[in-house]
Amino acid sequence: MMKKDTEELEHEIEKAKAVEHYLEENRHELQDMSLAVFLQGLLEEKQLKKADVIRRTGMEPTYGYHIFDGHKKHPARSKVLLLALAMGLTVKEAQHLLYYAGCEALYARNSFDSIIWYALEHHLNVIDANLLLERLGEKPLA
């Protein structure tokens, strides 16, 4: 059976006459995933090594491993954004990562978030993203 994408599920919610019917029809599509499980899936999908990603973030290694290993379930938003940049995530993947971390999504009307969005879209690394943030008068991530 083919998995539905998020937009398809959103459309079904909008059209549902009863949420119970939607939940029953889509029980196999719904996910209750932890941040650590989501990160592990990204590592596998992108063929990345945890140690390389943590090194690229510039964050304290122990903190990074605590995020990946599930000991830090709700890290600071700035740390999650560092991971997104270090992993080379798309904006959509970064939004999902923020969700699983319990952080606010990127918001295009916010200048800081717009710069991060741009950095993700243009595949900037952590250093270049931080330089761009500073140049535009925003606080760097690290």
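Ile67 lies in helix α5, which spans residues 61-68; helices here are DSSP runs of H or I with at least four residues, strands are runs of E with at least two, and both are numbered from the N terminus. The structure is a predicted model, in which local features need pLDDT of at least 70 and side-chain atom pairs count only at pLDDT 80 or more, while totals for chains, interfaces and linings use all residues. Residues are numbered from 1 along each chain as its sequence is written, and side-chain values use heavy atoms, with hydrogens and water left out.

With a relative accessible area of 0%, Ile67 is buried (buried means under 20% relative accessible area, exposed over 50%, and partly exposed in between, with a 1.4 Å probe and protein chains only). Apart from its neighbours within four places in sequence, Ile67 is in contact with Leu35, Ala36, Leu39, Met59, Lys72, Pro75, Lys79 and Leu83, where contact means heavy atoms within 4.5 Å. Leu35 is 32 residues from Ile67 in sequence, and the C-alpha atoms of the two are 7.9 Å apart in space. Lys79, one of the residues in contact with Ile67, has its charged end over the ring of Tyr63, 5.6 Å from the ring centre. A charge is taken to sit over a ring if NZ of Lys or CZ of Arg is within 6 Å of the ring centre and within 35 degrees of the ring normal.

Helix α6 (residues 77-87) packs with helix α7 (residues 91-100) at an angle of about 145°, and the two axes are 10 Å apart. Axes are lines fitted to C-alpha atoms, for helices over the stretch in contact, and angles run from 0 to 180 degrees between N-to-C directions. On the α6 side, Arg77, Val80, Leu81, Leu83 and Ala84 meet Ala94, Leu97 and Leu98 of α7. The residues of this contact comprise seven nonpolar, no polar and one charged. Ala, Val, Leu, Ile, Met, Phe, Trp, Tyr, Cys and Pro are counted as nonpolar, Asp, Glu, Lys and Arg as charged, and the others, Gly among them, as polar.

Aromatic rings of Phe, Tyr and Trp (its six-membered ring) pair if their centres lie within 6.5 Å; planes under 30 degrees apart count as stacked, over 60 as edge-to-face and the rest as tilted. Two aromatic pairs are counted by this rule. The ring centres of Tyr99 and Tyr100 are 5.1 Å apart and the planes stand at 75°, so this pair is edge-to-face. Tyr99 is exposed, with a relative accessible area of 59%, whereas Tyr100 is buried at 14%. Phe38, Tyr99 and Tyr100 are linked into a cluster by ring pairs.

Most residues other than glycine have a negative phi. Gln47, in the loop between α3 (35-46) and α4 (50-57), has a positive phi near 50°. Gln47 is exposed, with a relative accessible area of 74%. His123 also has a positive phi, near 55°, and is found in the loop between α8 (111-121) and α9 (126-135). The relative accessible area of His123 is 64%, and the residue is exposed.

The chain as a whole contains nine helices and zero strands. Buried residues account for 35% of its 142 residues. The C-alpha atoms fill a box of roughly 50 × 35 × 25 Å along the principal axes. Of the contacts between residues at least 6 apart in sequence, 54% join residues at least 24 apart.
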